[in-house]
Amino acid sequence: MTPESVLEIFKEITRIPRESGHEGPMTEYLCNWAKARSLECKVDATGNVCIAKAASAGKEKVPTIVLQAHQDMVCEKTPGFEMDFRKDPIPYEIEDGWMVSKNTTLGADDGIGIAACLALLDSDASMGRVECVFTISEETGMDGAFAMESGFFEGKTLINLDSEDEGQLFIGCAGGEHSDAYFKFEKVPVAEGAKAVELTVSGGIGGHSGDDINKHRANAVKILADFLASQEDYQLVSFAGGGKPNAIARDCSAVVAGLHADVIAANFEAYGKIVCAAYSSTEPALKFSSSAVKADSAIDDDSAYNFISALSTVPHGVVWMSPDIAGLVQTSTNLAAVKLVEPDTIKVLTSQRSSVVEELDIIVDEVSSIFREAGAEVDNNNRYPGWTPNLKSPILEKSVASYRKLFGEDPLVLAIHAGLECGLFLEKFPDLDMISFGPTLRGVHAPGEKLELASMERFVKLLDDIVCNFE
């Protein structure tokens, strides 16, 4: 296995549609790949795939090791960019040492983990039995991990390949939950003589709602809601923005109508200058714009007030930092997206994360209470467990020793403020010993996601050394 072989397989993967919930082509690719190499392969009822390779000669007594990645990817693109994730290949470039998709997500999360598994299985490396497990719909609710039945894989040691910083070994992660609110409203006529204006916040970097939540990223939904909460004498015609529950909202637009819509537009321009100045170091492309539009109907005043007040009141961002691990976010919440789901219903998507179950309960209750007090129906869903660090882990000890031997320095051993499937695996397979690592990725869950090619060499060497010297 080489960095080049991993990258070539990943390039193949960028041509395979694998949006969460629609991983069929990826599942078929994996099965065909295994069949062409006469490897053991099975698929469970959910769509999880397990490909196994028998031990090399002389390695039959080596314990089985499990490598794990997820099949799906977050599908996000810049506004106006023509892309159908159900059939089009991911457009990418190699630029300044990075593989990047400038207008869409790249899918290196977790396509590079898949590619590493396949490259290792395809190599002639001498190793014990290896099982490669590929789950489905990790990004939208860890559906594959939730539905996986006991016995789907046999190994007692698992390496998760879904991390994003080379040189860091992860031994714990946050748990989480989604809290979605549904606001009902009535349509009413726009007041006679009123003008309508569309207000747009765009150009945000966005990013991963866990890994990037402490990086001073602008949330377009929150910014626009805060502005509208400060204005008076308008009717709310529409409000929509954001995308996936595990991504920070990059763009948001609202249409308002009123006799003084031009004043609101001017206020919005002034507000934009203040916000852009506040985010000047982290959001260089953040943009505020307004334009005159036509509108005949609007959301009734009471519903609009309750809706905007709730969006402005509900927290977004870091809630608590870890008192034990420097720099680790312990609890957070993400105001992810707003969309019209019925002619009279607006849906608000949020997600909460925490390494501490009690704190997760607190922030979920707080977010839910704010929405309920504003008259919304709340659906708490997709709860998943965290992964408690084990500093005495045998695979951690082996991985640290391997890293030190290969590169002459110690890796960082950390927990991550993101959801990994390891927590669920530990519930289903309580004897598992686990670790997670990967190459360096940036901008995951947002257009512009990129993979650092230089980090691939260390990532591949480490994985190869651990597997081939496992005992």
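The second largest cavity holds about 60 Å³ of space. This is a predicted model, so everything I say is read from a prediction. Which residues line this second largest cavity? The lining consists of Glu19, Ser20, Met73, Val74, Cys75, Glu139, Thr140, Lys244, Pro245 and Asn246. Sorted by class, that lining has four nonpolar, three polar and three charged residues.

Now the wider search. How many cavities of 30 Å³ or more turn up in the whole structure? The count is five. In the largest cavity there is about 240 Å³ of space. Its lining has 22 residues, and those closest to the centre are Glu138, Glu139, Asn246, Arg353 and Gly419.

Where does the lining of the largest cavity come from? Helix 4, residues 138–141, strand 18, residues 345–354, and strand 19, residues 377–384, each give two or more residues to it. Helix 4 gives the largest share, with four residues. By class, the lining of this largest cavity has five nonpolar, 11 polar and six charged residues.

Next, the open space. The largest pocket has about 330 Å³ of space. It too is lined by 22 residues, and Cys173, Ser355, Val356, Trp387 and Thr388 lie nearest its centre. Strand 8, residues 168–173, helix 9, residues 357–373, and strand 19 each supply at least two residues of this lining. Strand 19 was also named for the largest cavity, where it gives two or more residues to the lining.

On to the helices. Two packed helices are described by the angle between their axes and the distance between the axes.

I start with helix 2, residues 24–36, and helix 3. Their axes are 12 Å apart and the packing angle is about 10°. An angle under 35 degrees counts as roughly parallel, so helix 2 is roughly parallel to helix 3. On the helix 2 side, Met26, Tyr29, Leu30 and Trp33 take part, and they meet Ile114, Leu118, Leu121 and Asp122 of helix 3. That contact has seven nonpolar residues, no polar ones and one charged.

Helix 3 also packs with helix 12. The axes of helix 3, residues 108–122, and helix 12, residues 453–468, come within 11 Å and cross at roughly 50°. The two helices are therefore oblique to each other, and their crossing is right-handed. Helix 3 makes the contact with Ile112, Ala116 and Leu120, while helix 12 uses Met456, Phe459, Leu463, Asp464 and Val467. Here the classes are seven nonpolar, no polar and one charged.

The last pair is helix 10, residues 394–407, with helix 12. These pack at about 125°, with axes 10 Å apart. Are helix 10 and helix 12 parallel or oblique to each other? They are oblique. This crossing is right-handed. From helix 10 the contact takes Ile395, Ser399, Ser402, Tyr403, Lys405, Leu406 and Phe407, and from helix 12 it takes Arg458, Lys461, Leu462, Asp465 and Ile466. By class, the contact of helix 10 with helix 12 has six nonpolar, two polar and four charged residues.

Finally, the backbone. Most residues other than glycine have a negative phi, and most peptide bonds are trans. There are two places to look at with that in mind. The peptide bond from Asp109 to Asp110 is cis, and its omega is near 5°. Asp110 sits in helix 3, the helix that packs with helix 2 at about 10°. The other place is Ser38, which is not a glycine but has a positive phi of about 55°. Ser38 lies in the loop between helix 2 and strand 1, residues 40–43.

Key:
Residues numbered from 1 in each chain as written. Predicted model: local features only at pLDDT ≥ 70, side-chain atom pairs only at ≥ 80, totals over all residues. Heavy atoms only, no water. 1 Å grid on protein atoms, 1.4 Å probe; cavity = no way out; pocket = protein on both sides within 12 Å on 5 of 7 lines; lining within 4 Å. Points joined across faces, edges and corners; volume = space filled by probe spheres on them. Nonpolar A, V, L, I, M, F, W, Y, C, P; charged D, E, K, R; others polar. Axes fitted to C-alpha atoms, helices over the stretch in contact; angles between N-to-C directions. Parallel < 35°, antiparallel > 145°, perpendicular 65-115°, else oblique. Left-handed = near helix turned anticlockwise from the far one by under 90°. Contact = heavy atoms within 4.5 Å.
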